[in-house]
Amino acid sequence: MGTRTVQAAAVIAITLLLTGCSTGGDVRDKSTPSGTPAAAEKAETTRACVDAIADRAAAHKGGAVRSHPVPAPCARLSDADYLDAYMKGLEQAHRAARKTSQGETATATGGGGS
């Protein structure tokens, strides 16, 4: 568990450094209000990215989950949005694994005997 924490912290630190450097003079157009098709499209892209990261994490039981190469659903996200989706995907995979583990424990101790 400690290794994952260190890896996650390293990914966050590196991404924040790169994001800070790469967005220095970039001013985004804020004229598109939330609730528009663009916002809905971004939300859907983010959900697809989170799911892709969670699937990748589930496939690497106990192993390191690398942030690169970037899954195809995540390609259109900014670095900061990708980092958020990456962390949410890891959390989603962790919750699913914990839920599965708890279900197996309950089944094993619950009513297995006659």
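Buried means under 20% relative accessible area. The views below come from a predicted model.

**View 1. The disulfide between Cys 49 and Cys 74.** Cys 74 has 2% relative accessibility, so this residue counts as buried. Cys 49 is buried too, because its relative accessible area is 0%. The two sulfur atoms sit 1.9 Å apart. The structure holds one disulfide. Cys 49 belongs to helix 2, while Cys 74 lies in the loop between helix 2 and helix 3, so the bond ties together parts 25 residues apart in sequence. The S-S torsion of Cys 49 and Cys 74 is about 100 degrees, so the disulfide is right-handed.

**View 2. Surroundings of Cys 49.** Residues up to four places away in sequence are not counted here. Cys 49 then touches Pro 73, Cys 74, Leu 77, Tyr 82 and Ala 85.

**View 3. The largest nonpolar core.** This core has 12 residues. Both disulfide partners, Cys 49 and Cys 74, are among them. Helix 2 provides the largest share, five residues.

**View 4. Thr 45 in helix 2.** Helix 2 spans residues 37-59, and Thr 45 is found in this helix. Thr 45 has 15% relative accessibility, so this residue counts as buried. Leaving aside neighbours within four places in sequence, Thr 45 is in contact with Pro 73 and Leu 77. Pro 73 and Leu 77 also touch Cys 49.

Terms used:
Residues are numbered from 1 along each chain as its sequence is written. This is a predicted model: local features need pLDDT of at least 70, side-chain atom pairs count only at pLDDT 80 or more; totals for chains, interfaces and linings use all residues. Side-chain values use heavy atoms; hydrogens and water are left out. Helices (H or I, at least four residues) and strands (E, at least two) are DSSP runs, numbered from the N terminus. Buried means under 20% relative accessible area, exposed over 50%, partly exposed in between (1.4 Å probe, protein chains only). Contact means heavy atoms within 4.5 Å. A nonpolar core is a set of buried Ala, Val, Leu, Ile, Met, Phe, Trp, Tyr and Cys residues joined through side-chain atoms within 4.5 Å. A disulfide is a pair of cysteine sulfur atoms within 2.5 Å.
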